[in-house]
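Here are my notes for you, written as numbered points. Keep the model open while you read, and check each point against it as you go.

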Amino acid sequence: MKGFDQVEVTLDNTRHYMWYKRHDGSDQRALFVVNLPAAASLADVKKFFERVAIGATIQEYTPSVLSDYPQEVWVNMSRLTSDLDLSVDSPKYRLPKNSAIVTFVDKSACQLAVSGLKKVGEVEWPSAGAMAHYYASKYQAKYRDAEELAVEVSEALAEFGSAERQSMQNLQKPLVDDDGFTMVVGSHRKTKRGLLGKQKLAQTVESTKAAAKLKKKEKEDFYRFQLRQRKKEEMNDLLRKYKEDQERVKTLKEKKRFRPY
């Protein structure tokens with residue numbers, strides 16, 4: 001990373017790399033550290049710098065709030081903003097994920113830390129097994145507790161059974177259609193939905209028959225001028241289709257794609 005120095009950290013028998021630089025506008029007392037291990041706490045950072053350089057005393061540790069965010073936060077570059085609530089004026093709301101500002105008690109302590117980080121080849125992270133514990137807790141948080149889930153499933157099944165019994169009781173009551181007749185429940189119609197579906201189908205068939213009967217009674221073209229007008233419209237429609245066919249044939253002939261047979 002341009003402008004940053006690198007330090008190698010041993011973390012749970014694996015290599016982990018962090019980058020750091022002096023933080024601007026901090027009276028040369030702070031370091032900006034990137035790619036910190038997950039769930040790095042103030043105690044971990046203090047022990048880490050104690051191993052790097054004796055006398056590098058930390059005064060303040062400001063981690064990014066995104067480090068514990070449940071998912072990646074994407075920045076909308078068209079508006080240079082994101083969905084985060086930045087109403088709180090604090091540096092931790094403006095830091096990238098897994099980064100922090102480490103402020104020391106004075107300039108000399110900060111200089112000791114920088115010198116130690118440059119001299120040291122490899123540093124062991126204080127919290128052994130921290131990464132494994134962190135990701136295991138995140139993984140377990142995705143799943144429900146087995147006992148709580150069993151209780152909720154039992155309650156849902158009890159509610160479903162109660163609703164089914166209530167529905168069966170409602171079927172025992174006489175069902176009256178729109179005309180006031182009591183509908184008879186057959187052996188093949190055991191649900192209310194089936195009864196209502198049959199009733200709706202009967203209403204649809206009756207309405208269709210009534211519409212067809214009414215249309216049959218209607219007399220089209222009762223007057224002579226209506227007959228003449230209808231014939232004229234039919235002739236004009238045929239003439240229009242004939243001209244369209246001629247244009248289509250002409251176009252096909254020009255493209256040499258006309259095949260009459």
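**Notes on the fold and its salt bridges**

1. Let's begin with the overall layout. The protein has six helices and eight strands. Going along the sequence, they come in the pattern β-β-β-α-β-β-α-β-α-α-β-β-α-α. Keep in mind that this is a predicted model.

2. The protein has 261 residues, and 23% of them count as buried.

3. Now for who touches whom. Take the contacts in the protein with a separation of 6 or more: 63% of them are between residues 24 or more positions apart.

4. On to charges. Side chains of opposite charge can pair when their charged atoms come close. How many salt bridges does a search of the whole structure find? The search turns up seven, and I'll go through some of them below.

5. Look at E152 and R144. These two form a salt bridge, with 2.6 Å between the closest N and O atoms. Are they buried, partly exposed or exposed? E152 has a relative accessibility of 40%, so it counts as partly exposed. R144, at 46%, counts as partly exposed too.

6. Now move to helix α6, which covers residues 224–254. The side chains of D237 and K241 meet there in a salt bridge, 3.6 Å from N to O. Why is about one helical turn the separation between D237 and K241? Because they are four residues apart in the helix. D237 is partly exposed at 28% relative accessibility, and K241 is partly exposed as well, with a relative accessible area of 42%.

7. Helix α6 also holds R240 and E244, again four residues apart, or about one turn of the helix. They form a salt bridge too, and here the closest N and O atoms are 3.1 Å apart. R240 has a relative accessible area of 42%, so it is partly exposed. E244 lands in the partly exposed class as well, at 38% relative accessibility.

8. Which residues are linked in a network of salt bridges? They are D237, R240, K241 and E244.

Notes: Residues numbered from 1 in each chain as written. Predicted model: local features only at pLDDT ≥ 70, side-chain atom pairs only at ≥ 80, totals over all residues. Heavy atoms only, no water. Salt bridge = Lys/Arg side-chain N within 4 Å of Asp/Glu carboxyl O. Buried < 20%, exposed > 50% of the residue type's maximum accessible area, 1.4 Å probe, protein only. Helix = DSSP H or I, 4+ residues; strand = E, 2+ residues; numbered from the N terminus. Contact = heavy atoms within 4.5 Å.
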